[in-house]
Amino acid sequence: MSDQSPPATATGGASYAAAGVDIEAGDRAVELMKEWVKKAQRPEVLGGLGGFAGLFDASALKRYERPLLASATDGVGTKVDIARRMGVYDTIGHDLVAMVMDDIVVCGAEPLFMTDYICVGKVHPERVASIVKGIAEGCVLAGCALVGGETAEHPGLLGEDDFDVAGAGTGVVEADRLLGADRIRKGDAVIAMAASGLHSNGYSLVRHVLLDQAGLALDARIEEFGRTLGEELLEPTKIYSLDCLALTRTTEVHAFSHITGGGLAANLARVIPDGLHAVVDRSTWTPAPVFDLVGRTGRVERLELEKTLNMGVGMMAIVPPDSVDAALATLSDRGVDAWVTGEITDRGEHPTGAELVGDYAV
């Protein structure tokens, strides 16, 4: 999990430690994270922590007629600043896994394995291990393995408490079960799956409005939330991977859309084919109070909010009309709040592939 170069030392001269890199701390971080990484495994993973590469037995893919590998990479953006300010590091990993693996599952791919990259100004072993704990827990929720990663110490470039995380993942899907725009038909239903909160996008706007402009404190209790502002902002991104895969097994699904940076309409439009149009009815749900707080406090126009935040929808499924009941039943059985929010129509004169209409329910 941690790969650090050997120190450059000379008697009475410069050293890696003097330059700010603590190899012993890095080694201790690896020891602390081992127990968590062991929990994020699959039977196809070979070897243990500490090698130069993670190994995954690809012979497991022989059961596929024509396996397609899907890959994605992402980070969690400036949400890491909230974690740093709060001193809470074991939730950011959930966000990272969600951002990577929920992109992969959009095409119908089963998540297989993931690697992470943690960059810090100074290695605090317990802090790094806490971040990895969250990543490992997220991998368990996504059904994938954590096969390796890197912890890099960048003194002089990052402050001692500064850090960032990123990750990359791989999944697999049978070629004839690949989901996407070519499956979508006029009359298909659009099903929304509720977000757990802000997820991991738009935090530059959120921080600017709530912390910089309004001067709200992260430890301030917000009555609408029933908890502190910091706790609300750190709510982990929901991981939908296994829920989406369950849908593909129990009913017909034509496409998924992961609602991340760019907002609901723009992400939904990415999977809508030429000639068709997705109409989403705002009146089918009420966004959580945090979205109203950002909009009201910063006097952010609704369209700007919708271009930046998920507005309470983290994933969407596009299914044929006769699959709606089965899809909603499957999601309900899995504890996912979901509802029909729109339909697929002809494109007509619409310049984009998706739009939001109406007003949000009160």
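Q: How do the residues of the lining of the largest cavity divide into nonpolar, polar and charged?
A: The lining of the largest cavity has 3 nonpolar, 2 polar and 5 charged residues. Ala, Val, Leu, Ile, Met, Phe, Trp, Tyr, Cys and Pro count as nonpolar, Asp, Glu, Lys and Arg as charged, and the others, Gly among them, as polar. Please note that this is a predicted model, in which local features need pLDDT of at least 70, side-chain atom pairs count only at pLDDT 80 or more, and totals for chains, interfaces and linings use all residues. Residues are numbered from 1 along each chain as its sequence is written, and side-chain values use heavy atoms, with hydrogens and water left out.

Q: Which residues line the largest cavity?
A: The lining consists of V120, G121, K122, H124, R127, V128, E160, D161, D162 and F163. The largest cavity holds about 40 Å³ of space. On a 1 Å grid over the protein atoms alone, a cavity is a set of points where a 1.4 Å probe fits but cannot get out, and a pocket is an open set with protein on both sides within 12 Å along at least five of seven lines; lining residues have an atom within 4 Å of a point. Grid points are joined across faces, edges and corners, and a volume is the space filled by probe spheres set on the points.

Q: How many cavities of 30 Å³ or more does a search of the whole structure find?
A: The search finds 2 cavities of 30 Å³ or more. The second largest cavity has about 30 Å³ of space, and R42, E44, F56, A60, L61, R63, Y64 and L112 line it. Its lining comprises 5 nonpolar, no polar and 3 charged residues.

Q: What is the volume of the second largest pocket?
A: The volume of the second largest pocket is about 280 Å³. Its lining has 15 residues, and the closest to its centre are G108, V173, R177, L245 and T248. Strand 6 (163-174) and helix 7 (241-250) each provide at least two lining residues; helices (H or I, at least four residues) and strands (E, at least two) are DSSP runs, numbered from the N terminus.

Q: Which strands does strand 6 or strand 4 pair with, then?
A: Strand 4 (residues 110-120) pairs with strand 6 in the antiparallel sense over 10 bridges, and Y117 has A166 as its bridge partner in strand 6. Strand 4 also pairs with strand 5 (residues 145-153), in the parallel sense over 8 bridges. Two strands pair if DSSP finds at least two bridges between them.

Q: What is the order of the open sheet of 6 strands?
A: The order is 10-12-7-13-11-14, with mixed pairing. Strand 10 (255-258) and strand 14 (354-357) are the edge strands, each pairing on one side only. Strand 7 (residues 189-194) and strand 12 (residues 313-319) run antiparallel and are joined by 6 bridges, with A194 opposite V313.

Q: Changing topic, at what angle do the axes of helix 2 and helix 5 cross?
A: The axes of helix 2 (residues 79-86) and helix 5 (residues 203-213) come within 8 Å and cross at roughly 50°. Axes are lines fitted to C-alpha atoms, for helices over the stretch in contact, and angles run from 0 to 180 degrees between N-to-C directions. Helix 2 and helix 5 are therefore oblique to each other: angles under 35 degrees count as roughly parallel, over 145 as roughly antiparallel, 65 to 115 as roughly perpendicular and the rest as oblique.

Q: Which residues meet there?
A: K79, D81, I82 and R85 in helix 2 meet Y203, R207 and L211 in helix 5, where contact means heavy atoms within 4.5 Å.
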